[in-house]
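Please look through the chain below and keep it in view while reading.

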Amino acid sequence: MQKPLHHIFICTSSRANGQQKGFCHSKEGVDVMMKFMEEIEGRELNGEVFINNTGCFGVCEKGPVVVVYPDNVWYSSVTPDDVAEIMDSHIEGGKVVERLALK
């Protein structure tokens, strides 16, 4: 197994019982995750970039939250329209999208 260059975690408000409800879910967290899946596939980055949905990161008012490792960059209030910019600038370009970075 090849280790990914980036691992992206997207809050979708997943619960241990399998339910998806909560702030990030209601604010398009699932749509953000689906857009990341499309971008990774379209850019042929499977194996280099992994994504996972998560439960709460504890900053619900800033959601949906996206965390990129190994860079430990947290993005807040991410929408599906922001995903291409994160992929272009951060994942492929190495530059943090400052307007979305959680401070």
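H6 has its place in strand β1, where strands (E, at least two residues) and helices (H or I, at least four residues) are DSSP runs numbered from the N terminus. With a relative accessible area of 14%, H6 is buried; the word buried stands for under 20% relative accessible area, exposed for over 50%, and partly exposed for what lies in between, with a 1.4 Å probe and protein chains only. Not counting residues up to four places away in sequence, H6 touches E48, V49, F50, V68, Y69, P70, D71, H90 and I91, a contact being heavy atoms within 4.5 Å.

Some words on the model belong here. This is a predicted model, in which local features need pLDDT of at least 70 and side-chain atom pairs count only at pLDDT 80 or more, while totals for chains, interfaces and linings use all residues. Residues are numbered from 1 along each chain as its sequence is written, and side-chain values use heavy atoms, with hydrogens and water left out.

The next topic is the interior. In soluble globular proteins, nonpolar side chains tend to be buried together. The largest nonpolar core here has 19 residues, and those with the most contacts inside it are I8, F36, V66 and Y75. At least two residues of this core come from each of β1 (6-11), α2 (29-42), β3 (66-69), β4 (73-75) and α3 (83-92). Such a core is a set of buried Ala, Val, Leu, Ile, Met, Phe, Trp, Tyr and Cys residues joined through side-chain atoms within 4.5 Å. If neighbours within four places in sequence are left aside, F36 is in contact with I8, I10, I51, V66, V83, I86 and M87.

Helix α2 also holds V32, a residue that is buried, with a relative accessible area of 0%. Again leaving aside neighbours within four places in sequence, V32 is in contact with I10, V66, V78, T79, P80 and V83. The C-alpha atoms of V32 and C60, which are 28 residues apart along the chain, are separated by 15 Å.

How are two helices placed against each other? Two packed helices are described by the angle between their axes and the distance between the axes. Here α2 and α3 pack at an angle of about 45 degrees, with their axes 9 Å apart, and therefore α2 is oblique to α3. The axes are lines fitted to C-alpha atoms, for helices over the stretch in contact, and the angles run from 0 to 180 degrees between N-to-C directions; under 35 degrees counts as roughly parallel, over 145 as roughly antiparallel, 65 to 115 as roughly perpendicular, and the rest as oblique. The contact is made by V32, K35, F36, E39 and I40 of α2 together with V83, A84, I86 and M87 of α3. By class, the contact of α2 with α3 has 7 nonpolar, no polar and 2 charged residues, where Ala, Val, Leu, Ile, Met, Phe, Trp, Tyr, Cys and Pro count as nonpolar, Asp, Glu, Lys and Arg as charged, and the others, Gly among them, as polar.

E85 is also found in helix α3, and at 31% relative accessibility E85 counts as partly exposed. Not counting residues up to four places away in sequence, E85 touches H90, V97 and R99. The C-alpha atoms of E85 and V59 are 26 residues apart along the chain and are separated by 22 Å.

The last topic is the backbone. Most residues other than glycine have a negative phi, and most peptide bonds are trans. The peptide bond from G63 to P64 is cis, with omega near -5 degrees, and P64 has its place in the loop between β2 (49-54) and β3. Another cis peptide bond joins Y69 and P70, with omega about 15 degrees, and P70 is found in the loop between β3 and β4.

E28, although not a glycine, has a positive phi of about 75 degrees. This residue, E28, lies in the loop between α1 (23-26) and α2 and, at 37% relative accessibility, counts as partly exposed. Leaving aside neighbours within four places in sequence, E28 is in contact with P64 and P80. S77 is not a glycine either, and has a positive phi of about 50 degrees; S77 is found in the loop between β4 and α3 and, at 40% relative accessibility, counts as partly exposed.
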